Amino acid sequence: HVQLVESGGGSVQAGGSLRLSCAASRSIFSIDAMGWYRQAPGKLREFVALTTSNGEATYADSVKGRFTITISRDNINCTTYLQMNELKPEDTAVYYCVLRRTWEVAPGYWGQGTQVFVSS
């Protein structure tokens, strides 16, 4: 059973930075993309950023220019990183790592989530 293991969440003051990481617990074939969603208290889960396996990235408008997603892979491991700068209180949420394989329309793997809290 494959798991996505997230790390890097925590608390930071507004204007600060955090870096999230997500790695698959074992090798996964046919990775098309990895990315991040988030869910704030009382709100629906929303898209944050996604990168294809060759590094093409897309972002939600709310994080463009502040967040950067990257992907690193070798023959065995695949890890995605989300560098979050200029954090705002409205970025406070549980952040979920996702993985989409080449035949999937939507991500088939989801992580357990990591909490990010931004204080004003």
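**Close-ups of the salt bridges and a loop residue**

**View 1. Glu46 pairs with Arg38.** In this predicted model, a salt bridge joins the side chains of Glu46 and Arg38, at 2.6 Å from N to O. Arg38 sits buried, with 5% relative accessibility, while Glu46 is partly exposed at 35%.

**View 2. Asp91 meets Arg66 across the chain.** Here the side chains of Asp91 and Arg66 form a salt bridge, 2.7 Å from N to O. The two come from distant parts of the chain, 25 residues apart: Asp91 lies in the loop between strands S8 (78–84) and S9, and Arg66 in the loop between strands S6 (57–59) and S7 (67–73). Both Asp91 and Arg66 are buried.

View 3. The structure holds six salt bridges.

**View 4. Asp32 reaches Arg100.** The closest N and O atoms of this salt bridge are 2.6 Å apart. It ties together distant parts of the chain, with Asp32 in strand S4 and Arg100 in strand S9 (residues 93–101), 68 residues apart. Arg100 counts as buried because its relative accessible area, 18%, is under 20%. Asp32, at 23%, is partly exposed.

**View 5. Ser27 in its loop.** Ser27 is found between strand S3 (18–24) and strand S4 (31–39), and is partly exposed at 27% relative accessible area. Its C-alpha atom is 9.6 Å from that of Asp74, which is 47 residues away along the chain.

Notes: Residues numbered from 1 in each chain as written. Predicted model: local features only at pLDDT ≥ 70, side-chain atom pairs only at ≥ 80, totals over all residues. Heavy atoms only, no water. Helix = DSSP H or I, 4+ residues; strand = E, 2+ residues; numbered from the N terminus. Buried < 20%, exposed > 50% of the residue type's maximum accessible area, 1.4 Å probe, protein only. Salt bridge = Lys/Arg side-chain N within 4 Å of Asp/Glu carboxyl O.
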